[in-house]
Amino acid sequence: MTGDHYFTAEPATAAHPREVGFSVAGRDYALASSGGVFSATRLDPGTAVLLRKAELPSADATGPLLDLGCGFGPITCVLASSAPSATVWAVDVNERARELTAANAARVGAADRVRVSAPDDVPADVTFAEIWSNPPIRIGKDELHQLLLRWLPRLAPDGAAWLVVARHLGGDSLHGWLVEQGWQVERHASQKGYRVLRVTR
């Protein structure tokens, strides 16, 4: 591949700062974004389906929660707002995405509870009550499988992962592969061509 992608560690694309607005569960968000990150100009449609159809953490949830592939931080900010006592880990390979997520966590008053991190910097002993992800399908099937094999085992024993995948990008085949790996997988919802999967042990 050539040029920048949203999974480029240090994007060279000009930033062109902008603001992305959206609403989830009756709350309005206005988050900073820029070029060189995933879905830089709007809330990604798959992310929108995930946040609308999955079961957001309860107000008394304490986490830790993981936003895997956080981009500019919409999932992180919704999780932190929904669960004001929870710690949220926001993980992305993209340095610019991490900087934006940290700034947006401050925007929603959650800077003290959001841990923005590169993948290799998450302590090995941290397990997650919930994992949320609009996974980076375009890195390729093998790389996607390796990503999930790395992070899903870090679910707490009674934890759940919420994933959204477009049907035309392999949502159903990913469902089957996860079952083959020994996970319990429920197609929790389908909307606008997206599958919302709930994955448990």
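Modeller: Gladly! Let me start with a term we will need: a cavity is a set of grid points where a 1.4 Å probe fits but cannot get out. Please keep in mind that this is a predicted model.

Biologist: How much space lies in the largest cavity?

Modeller: The structure holds one cavity of 30 Å³ or more. Its lining is made up of 14 residues, and Phe38, Thr47, Gly69, Cys70 and Pro74 are the closest to the centre. By class, the lining divides into six nonpolar, five polar and three charged residues. The space in this largest cavity is about 110 Å³.

Biologist: Nice. Which element gives the largest share of the lining of the second largest pocket?

Modeller: That pocket holds about 270 Å³ of space. Its lining has 15 residues, with Phe38, Asp44, Asn134, Arg138 and Leu169 nearest the centre; ten of the lining residues are nonpolar, three polar and two charged. The largest share, three residues, comes from β7.

Biologist: Now to the sheet: which strands stand at its edges, and why is one side of each left without a neighbour?

Modeller: Seven strands form an open sheet with mixed pairing, in the order β5-β4-β3-β6-β7-β9-β8. The strands at the two ends of that order each have a single partner strand, so one side of each has no neighbour in the sheet. On average, neighbouring strands are turned by 15 degrees against each other, direction ignored. The edge strands are β5 (114-117) and β8 (184-191).

Biologist: Which residue of β5 stands opposite Val91?

Modeller: β4 covers residues 88-91 and pairs with β5 in the parallel sense over four bridges. β3 and β4 also pair in the parallel sense over four bridges, and there Leu66 has Trp89 of β4 as its bridge partner. On the β5 side, the residue opposite Val91 is Ser117.

Biologist: Are the β4 side chains buried or exposed?

Modeller: In a regular strand the side chains alternate between the two faces of the sheet. In β4, Val88 and Ala90 point one way, while Trp89 and Val91 point the other way. On both sides the answer is that all are buried.

Biologist: Last one: at about what angle does helix α4 run to β3?

Modeller: Helix α3 (residues 95-107) lies across β4 and β5 and runs at about 170 degrees to β5. Helix α4 (residues 141-151) lies across β3 (65-68), β4, β6 (128-133) and β7 (155-166). Its angle to β3 is about 170 degrees.

Terms used:
Residues numbered from 1 in each chain as written. Predicted model: local features only at pLDDT ≥ 70, side-chain atom pairs only at ≥ 80, totals over all residues. Heavy atoms only, no water. Pairing = 2+ DSSP bridges. Axes fitted to C-alpha atoms, helices over the stretch in contact; angles between N-to-C directions. Contact = heavy atoms within 4.5 Å. 1 Å grid on protein atoms, 1.4 Å probe; cavity = no way out; pocket = protein on both sides within 12 Å on 5 of 7 lines; lining within 4 Å. Points joined across faces, edges and corners; volume = space filled by probe spheres on them. Nonpolar A, V, L, I, M, F, W, Y, C, P; charged D, E, K, R; others polar. Buried < 20%, exposed > 50% of the residue type's maximum accessible area, 1.4 Å probe, protein only.
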